[in-house]
Amino acid sequence: MTATDGRVADAVRGSWVDTLAPAAWRPYLRLARADRPIGSWLLLLPCWWSAAYAAIAAGQALPNLWHMALFAIGAIAMRGAGCTYNDLVDRDIDAMVERTRSRPLPSGQVTSRQAKIFLIAQLGVGALVLLALWNPFAWAVGIASLSVVVIYPFMKRITSWPQSVLGLAFSWGALMGWAAAFGRLDAPALLLYAASILWVIGYDTIYAHQDREDDAIVGVRSTALLFGERTPLFLSLFYAGTVACLGLSLWALAAPALAYAGLAAFALHLAWQVRSLDIADPDGCLRLFKSNRDAGLILLAGLMAAALLKALG
C-alpha cells in the first residue's frame, strides 16, 4: 500500500468509489468515507427510530416518509462532514497510525484547504436538509448538535471516554425525529437518546480495539484501552443499559407488544456480540462493529410493525 495508489488501508477493496467514481472525486469520497457506509447507517438509525416513535405516539401507520428521506440525506452529508472535520483535526496523529496513515489528508492526496472547502460544502447540504424539516424547534435542536461534533476529535487527547462524546453526537438523531414531528421533546425521545448513547459507547469500544496498540504508542486514549481485558464485562453493562432505557422509553410511549418483540430481538443481537467478542482479533472486532447496522434495523422493524398495529387497532 502506497500513498500514490490512492487507496486507504482499512477500506474495502473494489468498492464503488474504486470502480465507478471519477478519479478526481475519489480522494474526497474516501475523506467522507463514502466507500464505508456503516457510519452513515449508525448515524441514521437513531433518526429513523425517533421518527417511528413519533408515528407510534401519533397513531400513524408509517413514520413521516419525508422526514425519513431527509434524515437519510442528512446522515450521509453530516457523517461525511464529521469525518472530514475529524481528519483535519487528527491528520498528524493519523500519519503515525498504520491503519490511518494512507487516508487522503495524511497521505497528501487532499490538502487542508481542499478539505476545508469540502467540509463547508457538506455542511451546506446538512443545513438545507435541516431547513427542509420546516420546524423552528427542530432547527434549534439540529444546530445544537454541532457543539458536540466540534469538540469530539479533541476528547481522545484529554479523556479515556471519547466514546461517550461520540455517543452524544451519533445519537442526536434520536431527538430529531420526535422534534420534527411535534416541535418539542418528551420523555420517550429523551429515553431513546439515553439508550442510543449507551449503544454507541458499546459498539465504538469494540471498534476502538482495532487501534489500541497504536493508540497507546501515540498517546491517544479510548475506552478500549481503559477497559482492556474487562471489555466484555463493560460491554455487557452498556448494552444492558441500552435495553433498559429502550424498555422504559417504550413504556413511556405506550407502545404495542410488537415493539417489545423487536426490542427482544435487538437485545439478543447485542448479547451475541458480547459472547462473540475477541479483543485480540481486529478483523472480528470490525465485523461485530458493523453488525450493529443489522441490530438497529431489527429494532426499527419492530417499531414500524408496532406503529402499523396501533394505527389499525
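## Helix α9 and I197

I197 is buried, at 15% relative accessible area. Buried means under 20% relative accessible area, exposed means over 50%, and partly exposed lies in between (1.4 Å probe, protein chains only). I197 sits in helix α9. Helices (H or I, at least four residues) and strands (E, at least two) are DSSP runs, numbered from the N terminus.

Not counting residues up to four places away in sequence, I197 touches G167, L168 and S171. Contact means heavy atoms within 4.5 Å. P46 is 151 residues from I197 in sequence, yet their C-alpha atoms are 9.9 Å apart in space.

## Basis of the model

This is a predicted model: local features need pLDDT of at least 70, side-chain atom pairs count only at pLDDT 80 or more, and totals for chains, interfaces and linings use all residues. Residues are numbered from 1 along each chain as its sequence is written, and side-chain values use heavy atoms, with hydrogens and water left out.

## Helix α7

Helix α7 spans residues 162–170 and is mostly covered, with seven of its nine residues buried. The buried ones are P162, Q163, V165, L166, G167, A169 and F170. Their cover includes α3, α6 (136–158), α9 (187–208) and α11 (223–227).

## Nonpolar cores

The largest nonpolar core has 71 residues. Such a core is a set of buried Ala, Val, Leu, Ile, Met, Phe, Trp, Tyr and Cys residues joined through side-chain atoms within 4.5 Å. W49, F71, W199, F266 and L303 touch the most other members. Helix α3 gives the most to this core, with 13 residues. Apart from it lies another core, of 10 residues, among them L31, Y85, L88 and A115.

Leaving aside neighbours within four places in sequence, F71 is in contact with L44, C47, W48, A51, L133, M176, G177 and A180.

## The second largest pocket

The second largest pocket holds about 320 Å³ of space. On a 1 Å grid over the protein atoms alone, a pocket is an open set of points where a 1.4 Å probe fits, with protein on both sides within 12 Å along at least five of seven lines. Lining residues have an atom within 4 Å of a point. The volume is the space filled by probe spheres set on the points, which are joined across faces, edges and corners.

Its lining has 15 residues, and A32, A34, S40, I76 and A77 lie nearest the centre. Helices α3 (38–58), α4 (65–94) and α5 (112–132) each give two or more residues. Helix α4 gives the most, with four. By class, 11 lining residues are nonpolar, two polar and two charged. Ala, Val, Leu, Ile, Met, Phe, Trp, Tyr, Cys and Pro count as nonpolar, Asp, Glu, Lys and Arg as charged, and the others, Gly among them, as polar.

## Positive phi in two loops

Most residues other than glycine have a negative phi. R33 has a positive phi of about 60°. R33 lies in the loop between α2 (26–31) and α3, and is buried at 6% relative accessible area. A254 also has a positive phi, near 55°. A254 lies in the loop between α12 (231–253) and α13 (257–276), and is exposed at 52%.

## Helix α11 and L225

L225 lies in helix α11. L225 counts as partly exposed, at 33% relative accessibility. Beyond neighbours within four places in sequence, L225 is in contact with R212, D215, A216 and V220.
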